[in-house]
Amino acid sequence: MKVVIIEDEKLAADKLIEMLHHEDNTIQVAAVIDNVVDAVQWLAQNNVDLIFLDIHLGDDSSFRIFDKVNITTQIVVTTAYNQYAIQAFKLNSIDYLLKPFSQEELNFALNKFRTLKADIPDYRSIFETIQQQKSYQERFMVVSGQKIKSILTQDIAYFLSEGRYAKLVTHTNEKYLIDQSLENIFSKIDPNLFFRVNRQAIVGFKSIQQMIIWSKSRVKLELKPTPEEDIIVSIDKSGDFKKWLNR
């Protein structure tokens with residue numbers, strides 16, 4: 001059996017490889033890919049028997065892969081986020097492993113793949129349904145001195161990466177550090193209202209004041225309130241960003 005692992009956490013990928021070989025040492029891991037852009041390119045040029053797919057990757061949601069390439073391979077989804085419609089996967093002969101999963105759970109998924117001779121589902125439609133069913137976070141709890149405050153998502157202008165933390169900035173320029181990564185935050189907020197423009201920033205639609213053409217097809221955003229550093233839409237995000245603005 002030949003598989004590809006699409007996972008942005010190296011420890012998780014290494015552990016999965018170890019578990020796969022424990023179940024069957026003849027399983028060949030053709031590649032380990034940690035981002036959407038490389039996954040799209042690789043899947044367009046290569047064939048495998050099974051894909052292990054993490055939902056949240058470093059540069060975007062793995063749902064974006066299905067916008068770029070037609071997947072004709074069975075998928076086992078692996079994720080730490082249980083708010084997604086697990087039943088949608090089960091009903092379409094796709095297995096869903098909630099991290100941390102056991103060796104027994106992985107073995108079950110592999111045996112299901114081996115014995116089940118099913119047509120390849122319409123993954124794009126499934127993921128669109130999941131996105132529609134998903135409920136989004138309405139507020140974030142933050143610490144201000146000795147107090148804990150609740151910030152409504154609609155009052156947030158943008159999020160910026162601060163190492164292992166994120167900085168939440170409101171429309172009134174209040175700033176708070178929260179103990180979450182941008183990947184985690186973006187998985188919880190409405191993608192119709194927020195867009196992850198690069199690895200360092202998630203911006204709200206209402207915070208965008210102007211857009212300026214930058215080098216190499218990139219776009220510089222003028223936001224309100226004004227951030228300390230320039231916010232540039234990365235090249236690989238530019239096309240999706242334009243679609244997001246024109247929705």
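Predicted model: local features only at pLDDT ≥ 70, side-chain atom pairs only at ≥ 80, totals over all residues.
In soluble globular proteins, nonpolar side chains tend to be buried together. Here the largest nonpolar core has 25 residues, of which Val4, Ile6, Leu43, Ile51, Ile65 and Ile71 touch the most other members. Two or more residues each are given to this core by β1 (2–6), β2 (28–33), α2 (36–45), β3 (50–54), α3, β4 (74–79) and α6 (123–133), and the largest share, five residues, comes from α2. Leaving aside residues up to four places away in sequence, Ile65 touches Ile6, Val36, Ala39, Val40, Leu43, Leu53 and Ile71. Apart from this core lies another, of 16 residues, including Tyr158, Phe195, Val197 and Leu223.

Helix α8 (residues 235–245) has Lys237, Ser238, Asp240, Phe241 and Trp244 buried, and the elements that cover these buried residues include α3 (65–68), β11 (194–198), β12 (201–204), β13 (208–213), β14 (219–223) and β15 (231–233).

The structure also holds eleven salt bridges. One of them joins the side chains of Arg114 and Asp24, at 3.5 Å from N to O, and links distant parts of the chain, with Arg114 in helix α5 (residues 103–115) and Asp24 in the loop between α1 (10–23) and β2, 90 residues apart. Another brings together Lys149 and Glu174, at 3.0 Å from N to O; because Lys149 lies in strand β7 (residues 147–152) and Glu174 in the loop between β9 (165–170) and β10 (175–178), this pair ties together parts that are 25 residues apart in sequence. Lys149 is partly exposed, with a relative accessible area of 29%, and Glu174 is likewise partly exposed, at 30%.

Key. Residues numbered from 1 in each chain as written. Heavy atoms only, no water. Buried < 20%, exposed > 50% of the residue type's maximum accessible area, 1.4 Å probe, protein only. Helix = DSSP H or I, 4+ residues; strand = E, 2+ residues; numbered from the N terminus. Contact = heavy atoms within 4.5 Å. Core = buried A, V, L, I, M, F, W, Y, C linked by side-chain atoms within 4.5 Å. Salt bridge = Lys/Arg side-chain N within 4 Å of Asp/Glu carboxyl O.
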